[in-house]
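Hi,

Here is the structure I said I'd pass on.

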Amino acid sequence: MKKIVVIPGDGIGREVTESAVKVLKKIDEKFKIGLEFEFKDAGGTAYDKFGEPLPEDTLTACKNADAVLFGAVGGKKWDNIEVNLRPEKALFGLRKGLGLFANLRPVKVYESLIDGSPLKPELVKGADLLIVRELVGGIYFGDRCESEIHNGVERAWDLENYSVPEVERITKLAFETAKIRAGKVTSVDKANVLSTSRLWRRVTGEVAKNYPEVELNHLYVDNCAMQLALNPKQFDVIVTGNLFGDILSDEAAVIAGSIGMMPSASIGELTSLFEPIHGSAPDIAGQGIANPMGTILSAAMLLRYSLKEEDAAKTIESAVEKLLDEGYRTPDLYSDGFKKVGTDETTEIICRYIG
Ligand code: NAD
Ligand code: IPM
Ligand code: MN
């Protein structure tokens, strides 16, 4: 048996994980992998039930799992509670607790979504990039101060730090990945301003010497943000720190047509976790209209990376592609002339195509 811990979380996290589990069950019928699901709470839902966003029991179950499938956490209801109890803390606890140091966020452009992109078709056609985001360091995990009086005025601060081994670890993974892709790494930093970025740039340059077959270039993050919209095809693998990776990947989602299409894999030392890059989308939660494909494609990544079930992963990806080719669109992708479908119908069609 392969044990998958499923953490639906909050808002649309609950809807999209339900879809992905249905798809995984369908895959299991076909490929006889022997999947076993265990559902656990995290985020605001866990706070409401247990008074904490990441119960020990949830983390322990994840540590003992073959893989984790995560929805999303957060919502207005919990925006003003004590900072250490916020739903988002569950994510940090899981990332740190499972040692999920590398977050892989692929940006794939489906042929039939090209014309629907807000970017010109000739810019997005053929774009295929992977953002490798460092996930357990940087400003997300540095010292911070919520409030203090300094020179008679209130201020707050967050400290960014990166160590050489942290940068080496993520950079090596980026180069190894580029080797089996198009052989190009773009390292993104703000080395004209930040000390951490200057260290980042020096270390990526050192690591690059071990990979003569891979081309390395460096971009400042502000320029990279522009280049993503201007000419996304120039990129193969982008490697960057925690904060820049978070921001650039939401921007890159526009290339894929919608943030609802974007999967991710967080690779860990103990186990790995798979989740869409989007959040709990309170503005559409509970309406049955969330795009479940980012989570379904995350389930495909789970099969590929954690369970080594490449055929099963490809079967899911082909079913998603077929649904798009057949003209079905969730509201985030919809335009005139297409067939509008909600979360459940999308899931049913994908399951049907899996066969
Ligand atoms: P969001 O990603 O939830 O939503 C941004 C926009 O994209 C919204 O308009 C939303 O409707 C849309 N969207 C997102 N996913 C979609 C989908 N699958 N289908 C269709 N439309 C989709 O970001 P936000 O609004 O900035 O944050 C909402 C909450 O989610 C916050 O509490 C935030 O902290 C949390 N959040 C959690 C995660 C996570 O759990 N990994 C990630 C990002 C944000
Ligand atoms: C993401 C999210 C999280 C992050 C938030 C919810 C803490 O935006 O996974 O991209 O910033 O890492
Ligand atoms: Mn984000």
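Predicted model: local features only at pLDDT ≥ 70, side-chain atom pairs only at ≥ 80, totals over all residues.

Let's begin with ligand 1. The shell around it holds 22 residues, and the closest are Val-73, Glu-88, Gly-279, Ala-281 and Asp-283. By type, that shell splits into 11 nonpolar, 7 polar and 4 charged residues.

Glu-88 puts a polar side-chain atom 2.5 Å from an oxygen atom of ligand 1. For Asp-283, an N or O atom of the side chain sits 2.8 Å from an oxygen atom of the ligand. On its own, ligand 1 would expose 800 Å², and the protein buries 69% of that. If you'd rather look by element, β3 (67–72) and α4 (88–97) are the ones that give two or more residues to this shell.

That brings us to α4. Which of its residues are buried? They are Ala-90, Leu-91, Leu-94 and Arg-95. These four lie on the same side of α4, because they cover an arc of only 130° around the axis. The general rule behind this is that an α-helix has 3.6 residues a turn, so residues three or four places apart point the same way. As for what covers the buried residues of α4, the list includes β1 (2–9), α3 (56–63), β3, β5 (128–134) and β12 (273–274). Just past the end of the helix, Gly-99 has a positive phi of about 65°.

Now for ligand 2. Around it you'll find Glu-88, Leu-91, Phe-92, Arg-95, Arg-105, Arg-133, Tyr-140, Asp-246 and Ile-277. Arg-95, one of the buried residues of α4, brings a polar side-chain atom to 2.8 Å from a ligand oxygen. For Asp-246, the distance from a polar side-chain atom to an oxygen atom of ligand 2 is 2.9 Å. Taken alone, ligand 2 exposes 320 Å², of which the protein buries 77%.

Cheers

Terms used. Residues numbered from 1 in each chain as written. Chains lettered and ligands numbered in written order. Heavy atoms only, no water. Near = heavy atom within 4 Å. Polar contact = N/O pair within 3.5 Å; in protein donor to acceptor, adjacent residues only side chain to side chain. Areas by Shrake-Rupley, 256 points an atom, 1.4 Å probe, with all protein chains shown as cover. Nonpolar A, V, L, I, M, F, W, Y, C, P; charged D, E, K, R; others polar. Buried < 20%, exposed > 50% of the residue type's maximum accessible area, 1.4 Å probe, protein only. Arc of directions from axis to C-beta. Contact = heavy atoms within 4.5 Å.
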